[in-house]
Amino acid sequence: MDRVTQRETIAAIATAIVPQQGSIGIVRLSGSQALAIAQTLFHAPGSQPWETHRILYGTIRHPKTQQIVDEALLLLMKSPRSFTREDVVEFHCHGGIIPVQQVLQLCLELGARLAQPGEFTLRAFLNGRLDLTQAESVADLVGAQSPAASQAALAGLQGKLAHPIRQLRTQCLDILAEIEARIDFEEDLPPLNEPEIIQSIQSIIQEVEKILGTANQGELLRMGLKVAIVGRPNVGKSSLLNAWSRSDRAIVTNLPGTTRDVVESQLVVQGIPVQVLDTAGIRATEDTVEKIGVERSRLAAQSADLVLLTLDAQAGWTADDYEIYQQVNHKPIVVIFNKIDLVEQIPLLPNLDNIRETVNTSAAHQQGIEALETAILNTVHAGNLQAENLDFAINQRQAAALTRAQTALEQVQTTIDQQLPLDFWTIDLRGAIQALGEITGEEVTESVLDRIFSRFCIGK
């Protein structure tokens, strides 16, 4: 993204537009011409003052024909008290496709440029309104799939990640200054306190490791788990999904092969988003449609993070179950004995690899669902992650930068142990400083910014 274009006024639709679904649609402008464009298009009756952070009522009119395009509200936020620290104007129009598109088109005709993905947030970063961790948290907040994910994103937006990263970088800079001072003014300063330097570096490494420990939690919160329910026909897979989701998401009959396609349901388990795939019963069949469903079931199992191999407690473990197991045994598996209300004793399970947990359920009576959720969390090692109580959670980019910082600091320790000259100490120390600076955006390349903000929606 050409940074010169930052001086241009940009415009975009800032709300999701779904026909007959939304009552309000917002068109947002940011830049030096935002106010002039607004004053050309918006007519506020009476003596309403055009003051910052006030809402005006009026109509949006075509600048040439004066035809009314929409009845709307206008919110003016003058620089620097705005999200981008530029003049920002929002037209709050009636919801729907036509009004907001017409208003956006008029803004473009008056000299604004259509915003690129994430460009509003990018300007907030470039103008010092946000650091890079906060900017990324904006995207995380918009895409949050659970309350826990939302809270983690809010924590990042409030600077709870940036603060410890900046502290670590400052400590590294202080150590570098001490070392370089001895290099430049060795005769005028007391000898370097080597044990203190070693202790400081070790303390920084420990803090880096602590922050890195939130990476898996962050990945769980952002991406969630994909779980596939597989098994023979008529073992109760669809009933299990309905009981788990507390809905009639899947059709349930006593006829084998009722489920012909993969049925999806979105759930939240202790703060973690879970995408559950109810698959067609896997069996040999001559039915063309069912064949397609069985193949899609196999593909769903291949893409899942976890497989719920569902068995009929009445039939116990069968040769057909073993055949299905062989197709999915490269994945973590939780075995579910369903229909336990129809048996007096739970069948035995053979000794098999990759079986992480066994759960007994009665989908018809909604029994065992809580135990199933616990087994899933235990299987993915999420039980101890406390994903619902995070102060913050780093993403993959931040984890990669932290790992580089950790490696550089460990190399400094090796350099000290080998009693190499002080100049060698500074090389990897500078590498750690740069890696930490990349996280908050104090040291970041244009290509990294493009990669980050290209994942944003256009209106954000």
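1. Which helix gives the most to the lining of the largest pocket? In this predicted model, that element is helix 8, which contributes five residues. Helix 8 spans 215–223, and the other elements that supply two or more lining residues are helix 4 (132–142), helix 5 (147–157), helix 13 (396–417) and helix 15 (446–453).

2. The largest pocket holds about 620 Å³ of space, and its lining comprises 26 residues, with Glu136, Ala139, Asp140, Arg222 and Arg455 lying nearest the centre. Sorted by class, this lining has 13 nonpolar, eight charged and five polar residues.

3. Of the 13 residues that line the largest cavity, Ser137, Asp140, Leu161, Arg222 and Ala393 lie nearest its centre. Helix 4 and helix 5 are the elements that give two or more residues to this lining, and helix 4 gives the most, with four. By class, the lining of the largest cavity has five nonpolar, five polar and three charged residues.

4. As for the sheet, seven strands form an open arrangement with mixed pairing, in the order 3-4-5-6-2-1-7. Strand 3 (42–43) and strand 7 (113–114) are at the edges and have a single partner strand each, so one side of each has no neighbour in the sheet.

5. At the edge formed by strand 3, the pairing with strand 4 (residues 54–61) is antiparallel and rests on two bridges. Phe42 has Ile60 of strand 4 as its bridge partner.

Conventions: Residues are numbered from 1 along each chain as its sequence is written. This is a predicted model: local features need pLDDT of at least 70, side-chain atom pairs count only at pLDDT 80 or more; totals for chains, interfaces and linings use all residues. Side-chain values use heavy atoms; hydrogens and water are left out. On a 1 Å grid over the protein atoms alone, a cavity is a set of points where a 1.4 Å probe fits but cannot get out, and a pocket is an open set with protein on both sides within 12 Å along at least five of seven lines; lining residues have an atom within 4 Å of a point. Grid points are joined across faces, edges and corners, and a volume is the space filled by probe spheres set on the points. Ala, Val, Leu, Ile, Met, Phe, Trp, Tyr, Cys and Pro count as nonpolar, Asp, Glu, Lys and Arg as charged, and the others, Gly among them, as polar. Two strands pair if DSSP finds at least two bridges between them.
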